[in-house]
Amino acid sequence: MMTNGVVHANIFGIKDWVTPYKIAVLALLHEMSTTKPMALLDRRRLNKLILPLQQGPDLTLEQFLKIVEECCLRMVNAVKHRYASSLNKELFFKKNFILKTPEPLITFSLFLGLFMRQMLLAYNKLSFSQVYKLYKSLQQYCHRVQPELSALPTEDMELTSNEDPSAESDESQGPLSQKQAEYFLARQAYLLKNDENKAMSPAKLQDELNNILKFNPDFAEAHYLSYLNSIRVQDIYISTHSLLHYFDRLILSGGEGKSNGDEGYGRSLRYAVLNLATLHCRFGHYQQADLALQEAIRIAQEANDHVCLQHCLSWLYTLEQMKGSDSVVLTEDSVKIAAHFCLPYLASLGIQSLVQQGAKQGMPANKLLDALRGTDIMHWKQSLSELIEISLAQTTSIWRMYGKSTMARQQAQLLLNMNSLEPVNFSVQQNNTEAFAVALCHLAELHAEQGLYAVVSDIMKHLKQQFPPHTQHAKLWMLCDLKIQFEKAMNDGKYHLAEPHVTAISALNSTEGLYRKAQLLKALNQTTEASQILQQLQQQCEKSKDIEMTIRVMLASAELHWDSSGFATALPLLLQALALSRQHNLQSLTSETLLHLAFTQLMLGIPEQALVLVQDVLESVLAHGSLIDKGRALLLAARCQMALAGAAAQEHRLTALEQAVHTLDEAAVYFSQLDCKERMRDIHYLQARLHHTLGNISQRNKCSMLFRLLDQELPSSGMTVVSHL
């Protein structure tokens, strides 16, 4: 039964205010008011606890005592004693039982006093049989946790009851009042938005919602929370069903129509269709989403609703991006229209989308960062915390793409340590958004590049707790974890461990999966299959304008030419990759490309030019590169020094060789931190040769022994220090 959208309390089965749980809350209030020597921190925590206890659904005595114990341990025994006194029949059956305990220090003019007054009035309205029923339920409520509290004599009671006492104890939690239901829904919705781990589990929450809807099927807000809960577990059927029921009930209740007439009905209908389109987008049903969006646009145009139209346009360019189409024009139009109608949130969201597309297509760094800087000023002025977080996460990604690892770490830490500008309710900060997941994934990858796998494990553990596998953003850390594990297995030369990761990566991102598969096949000397995959990937990247992956594919193709001793044929590919990386300010890829060019020149017999190139990029690699990149750069520099020493005059030769030994020692430090045994084998081989030339017999023997041990341990990959970078 609903009148103007207001749910009557008796629909939820609540006949009065007095329940065993409310009496437990009252016992806590009495103890708080009569216990004077109490620590300030304990009293503050208990004061904060009272409102959720009073407004929330009824708890079992065990749950109630556990919550009180977490706030103030010494209060638990006092509450138990106070509650046990309520089982005294002589006290209980007197008219003013609620206030017969020692007079509290709470006046009726305060909120808690009003709560006690409501309890008193409700208790005084009970008939004698209802009081007896309350007394029996009170005994059963205590007996579930502490049988000794309810073990009081009852033989002097001449009243009898035809009800089975065990029936109530086996009963599930009773229905909620309107206020309790609204508080429960508001709390769970807030937790789902800001910290899903603190919300109830999907199954338990759905049971509670079904219990609420059983007593009031027209409770629209319960249907909407059921929709949000179903999205958590990717249940398309229940989520669609609940969303449609929500808008049906919203329209039928007349809540909007009463204030806005026909406009209220039409507005609900427009946003119902728009929400249905977003739901299909989330589940990848692009055709159904497109049809729903077109319908929402048509209805919004008929009603001349510019705000709804702008939301539709925002989702339209988002849908085009998800389908892999070019949506730059649509996004630019959306930003212009949003700015015209003074919709700063949608305008900023469009600019951030343009920045993301521009980064993928290789726009210059200064333009992207200038665009973000301009929107950030507006975000801070209007306290748009969600957009601030997205902007920081995007800046982190851009700095990483440009190869500035230090700046990327700084931006990620800035986001993780930023206090949310959103109001904090239920003691929960907003920390389960996509921006936080992206920042943590970047930190995990940056630590993995430096060989700090213990730290990576801690970050991943936190990500798995904060974003469980069934949640929307779990794919981010799943892909990040798989890429880290793949790179670690490849660095260790354990290709059999890397192979399963390729399949898993492909399931989450087909482009990344193809690239990793080509890397693995190349390492296994299956050059023909690797070449075919790289050609396929090259075509995909040219179509999607993914500049970063295009350059990586070119570098991998050049390495395939090395395997067939086609060093001269690799030069055009490397020069093209160098031009692209410099054009788009991709410093990390520029350094990697120059190292490839230096290695090619070394193999072509011009070590002087090769050493110049290595020295040009060495500072950048040591400042921002990963451990594997630092080791490779130093190893290449040592090989160039060895080649130049062979052609040097006798008086300079020993100095050049000693310098090469020193460079190899530095490279060995980086490779040993990664436990990269294949690279260490190459290092020991070159060190043994150098020490032999220098006449260091003991050092030569030591390096030879280490090389021998690693050579026996590692499988033969067919790649030697001569044929790869």
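User: What does K488 form a salt bridge with?
Analyst: The partner of K488 is D492, and the closest N and O atoms are 3.4 Å apart. A salt bridge here is a side-chain nitrogen of Lys or Arg within 4 Å of a carboxyl oxygen of Asp or Glu. This is a predicted model, in which local features need pLDDT of at least 70, side-chain atom pairs count only at pLDDT 80 or more, and totals for chains, interfaces and linings use all residues. Residues are numbered from 1 along each chain as its sequence is written, and side-chain values use heavy atoms, with hydrogens and water left out.

User: Is D492 buried or exposed?
Analyst: D492 is buried, because its relative accessible area is 10%. Buried means under 20% relative accessible area, exposed means over 50%, and partly exposed is in between (1.4 Å probe, protein chains only). K488 has 29%, so K488 is partly exposed.

User: How many salt bridges by this rule?
Analyst: The count comes to 18.

User: Which salt bridge does R516 make?
Analyst: The side chain of R516 meets that of E487, at 3.5 Å from N to O. The two sit in distant parts of the chain, 29 residues apart, with R516 in helix α27 (residues 510-523) and E487 in helix α25 (residues 474-491). Helices are DSSP runs (H or I, at least four residues), as strands are (E, at least two), numbered from the N terminus.

User: And R516, buried or exposed?
Analyst: Buried, because R516 has a relative accessible area of 8%. E487 is at 30%, so E487 counts as partly exposed.

User: What about R552, where is its partner?
Analyst: R552 forms a salt bridge with E592, with the closest N and O atoms 3.9 Å apart. This pair also links distant parts of the chain: R552 is in helix α29 (residues 547-563), E592 is in helix α31 (residues 587-603), and 40 residues separate them. R552 counts as partly exposed because its relative accessibility is 26%, while E592 is buried at 18%.

User: Which residues are linked in a network of salt bridges?
Analyst: R400, E445, E449 and K483. Among these, R400 of α21 and E445 and E449 of α23 also belong to the contact between those two helices.

User: At what angle do α21 and α23 pack?
Analyst: About 25 degrees, with the axes 8 Å apart; α21 covers residues 385-401 and α23 covers residues 434-449. Axes are lines fitted to C-alpha atoms, for helices over the stretch in contact, and angles run from 0 to 180 degrees between N-to-C directions. α21 and α23 are therefore roughly parallel to each other. For that wording, angles under 35 degrees count as roughly parallel, over 145 as roughly antiparallel, 65 to 115 as roughly perpendicular and the rest as oblique.

User: Which residues meet there, α21 to α23?
Analyst: E389, I390, A393, T396, S397 and R400 in α21 meet A435, F436, V438, H442, E445, L446 and E449 in α23. Contact means heavy atoms within 4.5 Å. The residues of this contact divide into six nonpolar, three polar and four charged. Ala, Val, Leu, Ile, Met, Phe, Trp, Tyr, Cys and Pro count as nonpolar, Asp, Glu, Lys and Arg as charged, and the others, Gly among them, as polar.

User: How do α22 and α23 cross?
Analyst: The axes of α22 (residues 405-416) and α23 come within 9 Å and cross at roughly 140 degrees. α22 and α23 are therefore oblique to each other. On the α22 side the contact is made by S405, A408, R409, A412, Q413, L415 and L416, and on the α23 side by A435, F436, A439, L440, L443 and L446. The contact of α22 with α23 divides into ten nonpolar residues, two polar and one charged.

User: Change of topic. Where is A633?
Analyst: A633 is in helix α33 (residues 627-646). A633 counts as buried because its relative accessibility is 0%. Leaving aside neighbours within four places in sequence, A633 is in contact with L595, V614, L618 and V621.

User: Where does S327 lie?
Analyst: In the loop between α17 (306-322) and α18 (328-340). S327 is buried, because its relative accessible area is 0%. Not counting residues up to four places away in sequence, S327 touches Y317, E320, Q321 and Q357.

User: Last one: what does Q188 touch?
Analyst: A199, M200, L205 and L225, again not counting residues up to four places away in sequence. Q188 lies in helix α10 (residues 178-194), and Q188 counts as buried because its relative accessibility is 4%.
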